[in-house]
Number of protein chains: 2
Amino acid sequence: MPHSAINFSEKFGRFGERWSPRIVAQMNDYHFKLVKIQGEFIWHAHPETDEVFIVLDGEMTIHLRDGDVALRAGEMFVVPRGVEHKPSATGECRMMLIEPAGTLNTGDAQSDRTAADGVWV
Amino acid sequence: MPHSAINFSEKFGRFGERWSPRIVAQMNDYHFKLVKIQGEFIWHAHPETDEVFIVLDGEMTIHLRDGDVALRAGEMFVVPRGVEHKPSATGECRMMLIEPAGTLNTGDAQSDRTAADGVWV
């Protein structure tokens with residue numbers, strides 16, 4: 001059985017859509033997703049799970065009702081379950097999301113911003 | 001409540017020990033650990049869980065019984081549960097481990113290489 005590394009740059013090169021997470025790996029029942037973002041997302045929460053953001057390239061802000069968190073490459077933040085948040089980025093930001101398989105990008109606020117779930121790249 | 005990013009470089013600056021994972025974040029019942037490695041580790045497996053390696057700086061190899069996986073910064077690999085593996089690095093490599101809280105670094109091969117579990121930085 002051949003084994004190979006998952007290379008983030010190579011994976012990011014395979015898609016251009018923003019706010020559209022692509023799964024690159026699974027650990028137990030968790031998915032590791034790469035996503036490109038720019039602009040403002042919508043306020044939402046994930047009532048059933050914490051959600052991890054790791055910035056790989058660029059800068060972003062996670063707006064919370066009681067303060068903002070600025071993140072740049074080499075930084076991470078854990079949004080606790082049930083906590084409303086709104087990601088935004090001025091320029092394009094490339095990041096990793098880690099959350100249970102089946103978690104929707106818009107959480108409890110399904111809308112036209114809700115991306116297809118379960119798409120691998 | 002103030003919120004702030006977890007900065008990997010800042011966290012790595014707080015400890016020097018190799019093969020001694022330090023927890024920087026928790027997502028549900030999973031821990032995110034930073035670790036510095038250099039040299040050869042021991043063969044072991046984690047019978048109860050997959051284990052994620054993300055290289056943040058430098059290069060490493062995950063030896064598997066049926067092949068090696070070379071990893072450099074910006075790459076990750078998931079060691080499936082129960083699969084024997086032996087990490088190694090020629091120069092110092094800084095990486096992140098993601099696994100369930102309570103997972104020991106030496107898995108089923110506890111020895112003098114077994115690091116204290118549950119240490120935050």
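This is a predicted model: local features need pLDDT of at least 70, side-chain atom pairs count only at pLDDT 80 or more; totals for chains, interfaces and linings use all residues.
By what turn and what shift along the axis can chain A be laid on chain B? Chain A can be laid on chain B by a turn of 180° and a shift of 0.0 Å along the axis, with an RMSD of 0.0 Å, the copies being superposed by least squares on the C-alpha atoms of residues with pLDDT of at least 70 in both. This is the relation of a two-fold axis. The same surface serves both copies, in that 100% of the contact residues of chain A recur in chain B, where two residues are in contact if their C-beta atoms, placed from the backbone, lie within 7 Å. Residues are numbered from 1 along each chain as its sequence is written, and chains are lettered from A, with ligands numbered from 1, in the order in which they are written.

Chain A has one helix and eight strands, and read along the sequence these follow the pattern β-α-β-β-β-β-β-β-β; helices (H or I, at least four residues) and strands (E, at least two) are DSSP runs numbered from the N terminus. The radius of gyration of chain A is 14 Å, close to the 14 Å that the globule rule gives for 121 residues, so chain A is as compact as a globular protein of that length. For this comparison the radius is taken over C-alpha atoms, and the globule rule is 2.2 Å times the number of residues to the power 0.38. Along the principal axes, the C-alpha atoms of chain A fill a box of roughly 50 × 30 × 25 Å. Of the contacts in chain A with a separation of 6 or more, 66% are accounted for by residues 24 or more positions apart. Buried residues make up 34% of the 121 residues in chain A; a residue is buried if 20 or more other C-beta atoms lie within 10 Å of its own, exposed if 12 or fewer, and partly exposed in between, with C-beta atoms placed from the backbone.

The contact between the chains takes 27 residues from chain A and 28 residues from chain B. On the side of chain A that touches chain B, at least two residues each are supplied by β1 (6–7), α1 (8–12), β2 (22–27), β6 (67–72) and β7 (75–79) of chain A. The residues of that side divide into 16 nonpolar, eight polar and three charged, where Ala, Val, Leu, Ile, Met, Phe, Trp, Tyr, Cys and Pro count as nonpolar, Asp, Glu, Lys and Arg as charged, and the others, Gly among them, as polar.

Strand β7(A) takes part in pairing both across the contact and within its own chain, two strands being paired if DSSP finds at least two bridges between them. With strand β1 (residues 6–7) of chain B, β7(A) pairs in the antiparallel sense over two bridges, and the bridge partner of M76(A) in β1(B) is I6(B). Within chain A, five bridges join β7(A) to strand β4 (residues 51–57), and these strands run antiparallel; here V79(A) is the bridge partner of E51(A). Five of the five residues of β7(A) are buried, so the strand is largely enclosed by the rest of the structure. Both of its faces are covered, with E75(A), F77(A) and V79(A) buried on one side and M76(A) and V78(A) buried on the other.

F53(A), found in strand β4 of chain A, counts as buried, with 23 C-beta neighbours inside 10 Å. Although F53(A) and M76(A) are 23 residues apart in sequence, their C-alpha atoms are 5.4 Å apart in space. Leaving aside neighbours within four places in sequence, F53(A) is in contact with I62(A), L71(A), M76(A), F77(A), M95(A) and L97(A).

Q26(A), placed in strand β2 of chain A, is partly exposed, with 15 other C-beta atoms within 10 Å. Not counting residues up to four places away in sequence, Q26(A) touches H31(A) and A101(A), while its C-alpha atom is separated by 24 Å from that of L71(A), 45 residues apart along the chain.

Most residues other than glycine have a negative phi. N28(A), which is not a glycine, has a positive phi of about 55°; this residue lies in the loop between β2 and β3 (30–40) of chain A and is partly exposed, with 17 other C-beta atoms within 10 Å. In chain B, W19(B) has a positive phi near 60°, is found in the loop between α1 (8–12) and β2 (22–27), and counts as partly exposed with 18 C-beta neighbours inside 10 Å.
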